[in-house]
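Here is a short tour of the structure shown below.

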Amino acid sequence: MAGVKSLFVPGPTNMPESVRRAIDVPMEDHRAPDLPDFILPLFADLKKVFKTEIGQVFIFPASGTGGWEAAITNTLNAGDKVLAARFGQFSHLWINLCERLGLDVQVVECEWGTGVPADIFGKILKDDTDHKIKAVLATQNETATGVQSDIAALRVAMDDAAHPALLYVDGVSSIGSVDFRMDDWGVDLAVSGSQKGFMLPAGLAIMAASQKALKASRSATLHRCYFDFKDMVATNASGYFPYTPPMTLLRGLRASLDVMLEEGLDNIFARHNFLAEGVRRAVDAWGLELCAKGPEWYSDTVTAILVPEGNDANDVIKQAYSRYGLSLGAGLSVVAGKVFRIGHLGDLNELMLMSALAGAEMSMRDVGIDIKAGSGVAAAEEFYRNNAPKLAIAAE
Ligand SMILES: *Cc1c(COP(=O)(O)O)cnc(C)c1O
């Protein structure tokens, strides 16, 4: 197929040219005397993205899943009770990882299309008077259903219950794209990955731990070796790693942090909200429903769209890819065949997204879904023409 392929899965995301070029470099000495001049500022700038001054950031060669494992194994003990909610494939997989690591997971089952139930968590924590629950897990953005949860509200619920559990947040598809505040929200372990908001290839688990989490890590007994914070803390302090770091990805991370800090986090968040709103207008004009059950759950990084009953969302995805070179996200597990997803995070603007909307619209019509030609595209077009990104949260 001539021309570019269009990548609109919610990770990996599109890479800025400067990032792509930064990765295309000769191999270099990861123990060079001047390496710390490069590495230490990376850590400092990552702290800005996580919004932490008191926490410590970690970069593990792994995907986001490795970040989950590092967070859990460094801070908990076999049999520890943790509280989590299941409302999509990623929250499910995190629960599954905890169970396989030998934790006692108290799972709150929630409808797919909703998110972290801060009120229910608050009640459970209040009732847990002898503080059996050691950790609360929250998926800030459930990538499978396009649901964003309110982590600040969860923090309030935990504080109201005066519960000392550690707060773990999966921010793989949200950190660096939507508002996230490690210190303000009292997040103890924040997990992200390189291939989403950081606009890099997969391969880095990027995470941060609070002082409380680091303290827990000094006595936690779950087995770990490769992911041990201790070895990282010891070597990172002088600007090195305990084993060979993926230098090309770190060069890319330098470039992506430069891009992010130049645009400014608040501007990035506003842009993601603006782009997402255009997608939602298109879905509405198509006469279709979102998987997310209400505006309080809308994700600004990915939209999951329900196809009308009797249709298979996988047909839309196949048609989009084979006929138009457009990659859309598939429905996973419970929502397989029922939804397709448009990822709208990372290095993205209105016209790029318009191509995805046009491709989704054409593909749906090709497979027999009754949609008015140009309806979604027109709605998004009108929204983008008449509005601008709003710095909604900048003033706080
Ligand atoms: C992508 C993603 C992950 C991690 O996936 P990897 O493939 O291991 O990088 C975890 N949680 C969420 C919410 C994600 O979107």
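Leu257 counts as buried, because its relative accessibility is 0%. Please keep in mind that this is a predicted model. Leu257 belongs to helix α9, which runs over residues 247-263. Setting aside neighbours within four places in sequence, the contacts of Leu257 are Leu42, Asp45, Leu46, Val49 and Phe198.

## Ala190 in strand β9

Next, turn to strand β9, residues 189-193, where you will find Ala190. Is Ala190 buried or exposed? With a relative accessible area of 0%, Ala190 is buried. Leaving out neighbours within four places in sequence, Ala190 touches Phe50, Val169, Ile175, Phe180, Met182, Ile206, Met207 and Ala208. Ala190 and Tyr168 are 22 residues apart in sequence, with 6.0 Å between their C-alpha atoms.

## Around the ligand

Which residues are found around the ligand? They are Ser63, Gly64, Thr65, Trp68, Phe90, Asn141, Thr143, Asp170, Val172, Ser173, Gln195 and Lys196. By class, this shell has three nonpolar, seven polar and two charged residues. Helix α3, residues 64-75, provides the largest share of the shell, three residues.

A polar backbone atom of Gly64 is 2.8 Å from an oxygen atom of the ligand. A nitrogen atom of the ligand has a polar side-chain atom of Asp170 at 2.6 Å. For Lys196, a polar side-chain atom lies 2.6 Å from an oxygen atom of the ligand. On its own the ligand has 380 Å² of accessible area, and the protein covers 88% of it.

## Two buried loop residues

Ser174 sits in the loop between β8 (166-170) and β9. Its relative accessible area is 0%, so Ser174 is buried. Beyond neighbours within four places in sequence, Ser174 is in contact with Gln140 and Asn141.

Thr301 also has its place in a loop, the one between β11 (289-290) and β12 (302-306). Thr301 is buried, since its relative accessible area is 1%. With neighbours within four places in sequence left aside, Thr301 contacts Asn141, Ser173, Ser177, Val178, His272, Ile342, Gly343, His344 and Leu345. Among these, Asn141 and Ser173 are also residues around the ligand.

At the N-terminal end, Asn349 caps α12, with a side-chain oxygen 3.2 Å from the backbone nitrogen of Leu351. After α12 comes Gly368, which has a positive phi near 95 degrees.

The buried residues of α12 are Leu353, Met354, Ala356, Leu357, Gly359, Ala360, Glu361, Ser363 and Met364. An α-helix has 3.6 residues a turn, so residues three or four places apart point the same way. The elements that the buried residues of α12 pack against are β1 (6-8), α10 (265-286), α11 (313-324), β13 (326-330), β14 (339-343) and α13 (375-386).

## Backbone details to check

Most residues other than glycine have a negative phi, and most peptide bonds are trans. Against that background, a few places deserve a look. The peptide bond from Gly11 to Pro12 is cis, and its omega is near 0 degrees. Pro12 lies in the loop between β1 and α1 (17-23).

Lys51 is not a glycine, yet its phi is positive, about 55 degrees. The loop holding Lys51 runs between α2 (35-50) and β2 (56-61), and Lys51 is partly exposed at a relative accessible area of 30%. His131, likewise a residue other than glycine, has a positive phi near 55 degrees. You can find His131 in the loop between α5 (118-127) and β5 (133-139). His131 is partly exposed, with a relative accessible area of 29%.

How values were computed. Residues are numbered from 1 along each chain as its sequence is written. This is a predicted model: local features need pLDDT of at least 70, side-chain atom pairs count only at pLDDT 80 or more; totals for chains, interfaces and linings use all residues. Side-chain values use heavy atoms; hydrogens and water are left out. Buried means under 20% relative accessible area, exposed over 50%, partly exposed in between (1.4 Å probe, protein chains only). Helices (H or I, at least four residues) and strands (E, at least two) are DSSP runs, numbered from the N terminus. Contact means heavy atoms within 4.5 Å. A polar contact is a pair of N or O atoms within 3.5 Å; within protein, one must be able to donate a hydrogen and the other to accept it, and residues adjacent in sequence count only if both atoms are side-chain atoms. A residue is near a molecule or strand if one of its heavy atoms lies within 4 Å of it. Accessible areas come from the Shrake-Rupley method with a 1.4 Å probe; for residues, only the protein chains shown count as cover. Ala, Val, Leu, Ile, Met, Phe, Trp, Tyr, Cys and Pro count as nonpolar, Asp, Glu, Lys and Arg as charged, and the others, Gly among them, as polar.
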